[in-house]
Amino acid sequence: MTGGPVDPTSTPAWSRLTALATASAPDLRAWFAADPDRVDRLTHTAGDLTVDLSKSFLDADVVAALLDLAAQTKVLERRDAMYAGEHVNVTEDRAVLHTALRLPAGASLEVDGQDVVHDVHEVLARVYAFAEKVRDGSWTGVTGERIRTVVNIGIGGSDLGPVMTYEALAPYRQDGLECRFISNIDPTDAATTLQGLDPATTLFIVSSKTFGTLETLTNARLCKAWLLDGLAGQDEADAVRRHFVAVSTALDKVADFGIDPDNAFGFWDWVGGRYSLDSAIGTSLAVAIGPERFAELLAGFHTMDEHFRDTEPSRNVPLLMGLLNVWYVNFHGAQSHAVLPYAQLLHRFPAYLQQLTMESNGKGVRWDGSPVTTDTGEIFWGEPGTNGQHAFYQLIHQGTRLIPADFIAFANPSYPLVDAVDGQSTDVHELFLANFLAQTRALAFGKTADEVRAEGTAEDVVPARVFEGNRPTTSIIAPELTPSVLGQLIALYEHLTFVQGAVWGIDSFDQWGVELGKQLAQQVGPAIAGDADALAEQDASTRALIAYYQEHRHR
Ligand SMILES: O=P(O)(O)OC[C@H]1O[C@](O)(CO)[C@@H](O)[C@@H]1O
């Protein structure tokens with residue numbers, strides 16, 4: 001694909017959307033009353049996901065204008081360029097091919113002269129063989145005992161995907177085999193995660209795309225020291241070989257760290273960290289749920305990849321959801337976006353999405369270096385329902401900010417339980433779903449002053465009890481939280497993030513914004529340790545904070 005980004009604000013579709021946004025405010029009550037087909041028209045399916053956009057701020061005119069915006073900003077050309085392996089990560093001059101990680105074995109895709117599908121499946125086969133050996137006990141530690149705990153050491157994309165999916169797919173885990181995760185350089189993380197573990201039955205997976213990340217390498221060294229200390233008397237090289245594997249694109253650095261190259265699983269620079277769960281970075285998950293289930297997860301991703309690539313725009317769910325977010329951000333002033341899974345197992349999903357969406361689209365320049373002409377990105381956040389209801393929903397219902405929210409729910413529970421009171425049985429999952437339905441309904445339609453009065457409410461507290469409604473939500477519902485459905489859900493958010501970035505003309509695949517802090521940490525380190533020259537280079541506030549530290553630390 002050639003040419004620079006199109007300025008979205010210069011397109012006719014942008015002007016049309018501006019006119020639509022100023023002509024009339026959305027009115028969900030009125031829209032539902034006037035249009036009996038609204039739900040049918042605005043409900044779409046993608047794989048196993050049903051996505052109800054009827055309680056969003058879309059109407060037919062807005063959908064048409066948003067699809068025009070996608071066409072005029074060449075979103076679909078950019079999508080095709082991404083799938084074909086063109087270097088759409090412009091600032092790093094790289095292809096962006098997480099979609100190739102989930103192509104079936106028979107497919108073919110040649111990029112820069114290399115058959116990437118062959119490479120992907122070669123590594124997958126090694127990961128699966130390793131996972132099987134750990135699961136069936138044939139991979140033993142240096143004392144001959146089987147592995148009971150796998151500790152993934154990684155951060156960002158090398159942590160959030162594995163930990164989120166490990167939690168989400170808890171019912172699919174193998175009994176007697178636990179995964180733990182160390183990410184933070186706060187020594188508390190390593191110390192508490194290792195508590196209670198037996199080095200003889202613990203295996204570490206050092207996951208780092210670059211194998212240069214301070215946190216991960218520091219934690220890997222701490223774990224290595226812990227292991228060798230606990231296995232004193234064993235041959236050290238043998239202990240490391242039996243208890244450490246690595247996942248990285250930098251296999252030379254893995255070898256330098258002392259990890260046997262036979263125990264290293266590679267991937268490629270065309271996989272972004274936050275898109276890497278379905279590469280070898282998912283090895284801890286493959287161990288936990290097994291190769292068959294991991295393959296189902298990949299197939300789920302692929303289902304959504306095909307939907308995004310092949311479905312016509314007016315029914316293309318990631319396209320519509322990405323454009324809807326543009327509508328909220330740029331035409332309704334939304335600054336944040338809540339993701340509210342009605343599934344406890346998805347409790348780390350919002351955290352995972354924070355990296356996916358905010359590291360991707362938190363940019364102020366476009367891929368050609370020119371400044372953006374409009375707001376980009378959104379602050380993604382959330383907690384599982386119903387916990388969020390008893391914490392922050394107040395602000396979503398009655399606060400002064402517009403917070404579009406995605407509700408995610410499943411028809412079947414992961415753990416069915418029945419509550420029995422006085423001979424009456426209640427399916428607890430139905431109670432849970434009732435809350436999901438009630439919340440989206442309350443947000444959309446609210447409660448008028450007259451309705452509040454009709455309940456006999458004293459006039460002076462009527463205003464406090466009114467719910468304006470008209471708070472937009474999207475409901476995503478699927479039969480059950482299976483590996484495949486989880487893959488579809490993640491890929492849905494990957495692609496809608498892509499759509500937003502493509503409209504804004506930004507490179508959603510670089511992350512230069514994380515670099516300055518890393519650089520400065522290296523400069524500040526010596527200052528904290530007492531280097532006078534390094535201290536003199538710091539600003540007054542930093543010097544004062546270092547002085548505080550030096551005064552208060554326990555010597
Ligand atoms: O896998 P690595 O190379 O250790 O990087 C970890 C994370 O650090 C980042 O580069 C941000 O600092 C993320 O994009 C990445 O997922």
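Predicted model: local features only at pLDDT ≥ 70, side-chain atom pairs only at ≥ 80, totals over all residues.
Reader: Where do the domains run?
Author: The domain assignment gives 41-72 + 311-504 for domain 1, 104-294 for domain 2 and 516-552 for domain 3.

Reader: And what separates the centres of domain 1 and domain 2?
Author: 33 Å, taken over C-alpha atoms. Domain 1 puts 22 residues into the contact and domain 2 puts in 17.

Reader: How much area is buried between the two?
Author: About 1,700 Å², with carbon and sulfur atoms giving 64% of that. On the domain 1 side, the residues losing the most area to domain 2 are Tyr352, Gln355 and Pro483, together 32% of what that side buries.

Reader: What about polar contacts between domain 1 and domain 2?
Author: Six residue pairs are in polar contact, counting those with both residues at pLDDT 80 or more.

Reader: Which helices supply the domain 1 side?
Author: Helix 15 (349-361) and helix 20 (483-504) each supply at least two residues of the side that touches domain 2. Helix 15 gives the most, with seven residues. By class, that side of domain 1 has 11 nonpolar, six polar and five charged residues.

Reader: Switching to the ligand. Which residues come nearest?
Author: There are 14 residues around the ligand, and Ser158, Ser208, Lys209, Thr210 and Thr213 come nearest. For lysine 209, a polar backbone atom is 2.7 Å from an oxygen atom of the ligand.

Reader: How do glutamine 355 and glutamate 359 sit relative to the ligand?
Author: Glutamine 355 has a side-chain N or O atom 3.1 Å from a ligand oxygen. Glutamate 359 has a polar side-chain atom 2.8 Å from a ligand oxygen. Glutamate 359 is also the residue in the salt bridge with arginine 274.

Reader: Backbone next. Which peptide bond is cis?
Author: The one from glycine 385 to threonine 386, with omega near 5°. Threonine 386 is in the loop between strand 11 (379-381) and helix 16 (393-398).

Reader: And what is the phi of aspartate 93?
Author: Positive, about 50°, although aspartate 93 is not a glycine. Aspartate 93 is in the loop between helix 5 (75-83) and strand 3 (110-111).

Reader: Why mention either?
Author: Because most residues other than glycine have a negative phi, and most peptide bonds are trans.

Technical notes. Residues numbered from 1 in each chain as written. Heavy atoms only, no water. Domains from an automatic or database assignment. Contact = heavy atoms within 4.5 Å. Buried area = accessible area lost by both parts, 1.4 Å probe. Salt bridge = Lys/Arg side-chain N within 4 Å of Asp/Glu carboxyl O. Polar contact = N/O pair within 3.5 Å; in protein donor to acceptor, adjacent residues only side chain to side chain. Helix = DSSP H or I, 4+ residues; strand = E, 2+ residues; numbered from the N terminus. Nonpolar A, V, L, I, M, F, W, Y, C, P; charged D, E, K, R; others polar. Near = heavy atom within 4 Å.
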